[in-house]
Amino acid sequence: MTTHTNLDLTSLHKISYFLNEEDVCGYCGFDIPENEKTCPICGYNLEYVNKNQEEKVTESEVKELLANLLVDMGKTDKKTTEILLNPEDNIVYYQDEDKLINYNNPEDTFELYEDAIYMLDENRKCYDKYDICFYKCLEGIPWSNSLEESIEFYTELCDYPDEERIYHDLLESNYVSEYIIPEYWDETADSIKKTDLQDILRKHGLKVSGNKKELSDRIKENVKLEKIRYNDIESLKDTEDTIYLITPKGYKYLEDNKYIDIADSTLYEYHYDEYKEYITEHEKVDIITNTINFLELHVQKEIKNKNQFDYTSHLRTQSQIYNLYYHKKYLKSLIRVFIANLNPLDTDNPFSHPDELIDEYILNKIQQEYDRDKNKLEELIKDEYEKINNITIPLDELLKNLDRLLENDKINNLDKKWQKKYLKNNNSFLF
């Protein structure tokens, strides 16, 4: 049995206290048998309590202690370690170079890339990626100018191993075609040479005289276009790949299933299957409205849980959707984030909200509206204020301080003053 001695037991108990877990050792994190007084793995005294220390535990202190502990145990080094705490689930993740590792379960590992997003949702990393990969491969054809290149690129990007399945399913569904698509004939005829049109007419025993428009119309009226391969047109033979275009049926699939693209591009931190189920259950409503409503469920859940960080994260994601699809409502959504961030959900819990509550981008956007029409902005704030639950900061106080709130260089100090004034539990380490 080994006992580590370079960190004192008072510090180690802070880790255990912060994670609030009785069935694992507060030092090494391993499961412990019931009624044990010392950890059978590291020898830590499980009954040690220092009441004078309990009220002074801070998140930053716990992270520092854990970082030192991981370095001491040879799991990482001071240059690379970064701690992510998940107190509700009693999980500690730490970053070591290009990986994010669960301290209690090293097999639970996330690969990190440049601009990595930490996703602590276990379900998120194991969902079936077929839908997203299929959608992206089809959508990417016009940009890559090749079905093969699109499939090769997106199967690698989506980490989906079966290129053959994607290729087969795209062809079988008639979402792509290597033959001329009659609906696109006018564009095709404009893009190829007059001699190509004459070749097609000649092969079908038709007259080859006339201008390009006359030749194109003659082909449209007399030739089965869907029997002609794009690769058989002389001026298109400058590529080794088979030429495929997305069919009207394929474009309809992309439009009808836009939620797949939204899931990949904007809702990448949400579980895909949960989002897909919600969209398909509400398919009579348009996809964007459904997406906003899906996110609102998460907003209300975190209000109930008094989880400030996830609450405002969901609101920010809603704002991204408004910005992309409902631009007229974008400013209102930013104002909602602005108000929500100024009003902590749980005034008793200092861990319920981040230190910096309002970001500069949102302030700049609201400032622009303030400069254009202050009265209009105040009306928008009043309107959104009435829609938000758990309000802490009074409306008249917010409006009275609006110009000060929009001064970027003072916003963090002002946040802290407001927290001091309105938080019930005035913990000094927050300020």
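Gln318 sits in helix 15, which spans residues 308-325; helices (H or I, at least four residues) and strands (E, at least two) are DSSP runs, numbered from the N terminus. This is a predicted model, where local features need pLDDT of at least 70, side-chain atom pairs count only at pLDDT 80 or more, and totals for chains, interfaces and linings use all residues. Residues are numbered from 1 along each chain as its sequence is written, and side-chain values use heavy atoms, with hydrogens and water left out.

Gln318 has a relative accessible area of 3%, so it counts as buried (under 20% relative accessible area, with exposed over 50% and partly exposed in between, for a 1.4 Å probe and protein chains only). Its side chain makes a polar contact of 3.0 Å with the side chain of Glu296. Such a contact is a pair of N or O atoms within 3.5 Å; within protein, one must be able to donate a hydrogen and the other to accept it, and residues adjacent in sequence count only if both atoms are side-chain atoms. Setting aside neighbours within four places in sequence, Gln318 is in contact (heavy atoms within 4.5 Å) with Ile292, Leu295, Glu296, Val299 and Arg336.

Now for the chain as a whole. Of the contacts between residues at least 6 apart in sequence, 58% join residues at least 24 apart.

Helix 4 is largely enclosed by the rest of the structure, because nine of its ten residues are buried. The buried set is Tyr130, Asp131, Ile132, Cys133, Phe134, Tyr135, Lys136, Cys137 and Leu138. Helix 4 (residues 130-139) packs against helix 12 (residues 258-265) at about 105°, the axes being 9 Å apart. Here, axes are lines fitted to C-alpha atoms, for helices over the stretch in contact, and angles run from 0 to 180 degrees between N-to-C directions. The pair is therefore roughly perpendicular (65 to 115 degrees; under 35 is roughly parallel, over 145 roughly antiparallel and the rest oblique). Helix 4 brings Asp131, Ile132, Tyr135, Lys136 and Glu139 to the contact, while helix 12 supplies Lys258, Ile260, Asp261 and Asp264.

Helix 10 (residues 212-222) has a buried set made up of Leu215, Ser216, Arg218 and Ile219. These residues lie on the same side of helix 10, because they cover an arc of only 160° around the axis, taken from the directions from the helix axis to the C-beta atoms. In general, an α-helix has 3.6 residues a turn, so residues three or four places apart point the same way. The other side of helix 10 has Lys213 and Glu221 exposed. The buried residues of helix 10 pack against helix 8 (185-191) and helix 9 (194-203). Ser216 itself counts as buried because its relative accessibility is 6%. Beyond neighbours within four places in sequence, Ser216 touches Trp185, Asp186, Ala189 and Leu197. At the start of helix 10, a side-chain oxygen of Asn211 comes to within 3.2 Å of the backbone nitrogen of Lys213.

Two loop asparagines deserve a look. Most residues other than glycine have a negative phi. Asn145, though not a glycine, has a positive phi of about 60°; Asn145 is in the loop between helix 5 (141-144) and helix 6 (147-157), and is exposed at a relative accessible area of 68%. Asn174 also has a positive phi, near 60°. Asn174 occupies the loop between helix 7 (163-172) and strand 5 (176-177), and at 46% relative accessibility counts as partly exposed.
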